[in-house]
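Subject: Structure handover

Hello,

Here is the structure I promised to pass on. Please open it next to this message, then read my notes below.

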Amino acid sequence: MHIMRRIALIPATALFSITLNAQLPNAGFESSVTVEEDIFPAEWSSPTEFGFGSMTDAHSGNYSLGVWTWYWYAEGQATNGNTAWPLPGGTPVQGRPIALAGWFKRMGGELQDGFDNDAHIHVELTRWNTLTDQRDTVASGHQAFGEQEAWEPFSIALSSTSTEAPDSITVRMTSCGNCLCAGSSDGTCAYFLVDDLETVYATGLPVPLGYPQASAGLSPSSHGHVRVHLSDPADVPLQLRLWDATGRMIVDVTITRNAQEVDLRGHQGLLTYTFTSTTGTSIAGRCMMP
């Protein structure tokens, strides 16, 4: 039986230009390509023709990337770069990220009880080994994702296995580990959406993926404070809001000058922030508090 993919894909008439970035192209998923009648995020691919595509449900902007289980059993997959055989996917990376962060939603739908019904993201930093003519993994991270009907932030720490500098990053998403849609369903289930991906570095400064460097950002200062960095100090005032890893807002303050410091004593780990101008334009990012 052929299952029609009517699951909030972008209309086939929509076509956007491809955005390139040295870190991870199109990680906001606003650029897309049309293949026959289906719409897919540009610079992302799947090794199968099953559940993978652009979704009109997004954390920011208009679109996100979605994977889902199709034909009752076939897990949806997505990878940055080209996964068509013999290419394994992945794109060039600069520096050495310590985490991959972003936003996600997970709607399992009609799932049978299974061994591994969670969605998954696996991240690898690799380096080409000229002696063995193959890729060596220098750092990796993995996270499973359960049910979550509202957009929530996530962060996947990358554990190092080598001191070598990576030259590529590969992000692989799957709709579930080993699941089946319920027999009473239409054969599609386990919808997993991600948006606004970015790498995080030891400096605590995030690098937006697929977009130019933000014009406002934060970095740890001293004694539990963060410092504001503005590329154009004339942009003030800006409203700064910060959330912790649980999605709880911990700061809502007006920024009136460049290098202004904000007290974050008592808060550690990866924090999500937005700067919003008086016209409503927002810049999002993340800051790692030691």
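Which residue in β20 does H225 stand opposite? H225 faces D263. Please keep in mind that this is a predicted model.

**The three-stranded sheet**

H225 belongs to β17, which spans residues 225-230. Strands β17 and β20 run antiparallel and are joined by three bridges. They are part of an open sheet of three strands, in the order β16-β17-β20. The pairing in this sheet is antiparallel. In general, strands of a sheet pair through backbone hydrogen bonds. β16 (216-220) and β20 (261-263) are the edge strands, and each pairs on one side only. On average, neighbouring strands here are turned by 30 degrees against each other, direction ignored.

**The largest nonpolar core**

Next, the nonpolar residues. In soluble globular proteins, nonpolar side chains tend to be buried together. Here the largest nonpolar core has 29 residues. L65, I121, F192 and V194 have the most contacts inside it. Several strands give two or more residues to this core, including β5 (64-69), β13 (168-174) and β14 (189-200). β9 gives the most, with four residues.

Leaving out residues up to four places away in sequence, I121 touches, among others, F145, F154, F192 and V194.

**Aromatic pairs**

The whole structure holds ten aromatic pairs. Take F104 and F154. Their ring centres are 6.3 Å apart and their planes stand at 70 degrees, so the pair is edge-to-face. The cut-off for that label is over 60 degrees. F104 sits in β8 (residues 99-107) and F154 in β11 (residues 148-157), so the pair ties together parts that are 50 residues apart in sequence. Both F104 and F154 are buried. Ring pairs also link F104 and F154 with F145 and F192 into a cluster.

**Disulfides**

There are two disulfides. One joins C176 to C179, with an S to S distance of 1.9 Å. The torsion about the S-S bond of C176 and C179 is about -70 degrees, so this disulfide is left-handed. C176 and C179 are both buried.

C181 and C189 form a disulfide as well, with their sulfur atoms 2.1 Å apart. Here the torsion about the S-S bond is about -90 degrees, so the disulfide of C181 and C189 is left-handed. C181 and C189 are buried too. Counting bonded cysteines along the chain, the pattern is 1-2, 3-4.

**A loop proline**

Last, P88. Where does P88 lie? P88 is in the loop between β6 (77-80) and β7 (91-92). P88 and T170 are 82 residues apart in sequence, yet 8.7 Å apart in space, C-alpha to C-alpha. Not counting residues up to four places away in sequence, P88 touches T79, N82, T83 and R172.

Best wishes

Key
Residues are numbered from 1 along each chain as its sequence is written. This is a predicted model: local features need pLDDT of at least 70, side-chain atom pairs count only at pLDDT 80 or more; totals for chains, interfaces and linings use all residues. Side-chain values use heavy atoms; hydrogens and water are left out. Rings of Phe, Tyr and Trp (its six-membered ring) pair if their centres lie within 6.5 Å; planes under 30 degrees apart count as stacked, over 60 as edge-to-face and the rest as tilted. Buried means under 20% relative accessible area, exposed over 50%, partly exposed in between (1.4 Å probe, protein chains only). A disulfide is a pair of cysteine sulfur atoms within 2.5 Å. A nonpolar core is a set of buried Ala, Val, Leu, Ile, Met, Phe, Trp, Tyr and Cys residues joined through side-chain atoms within 4.5 Å. Contact means heavy atoms within 4.5 Å. Two strands pair if DSSP finds at least two bridges between them. Axes are lines fitted to C-alpha atoms, for helices over the stretch in contact, and angles run from 0 to 180 degrees between N-to-C directions.
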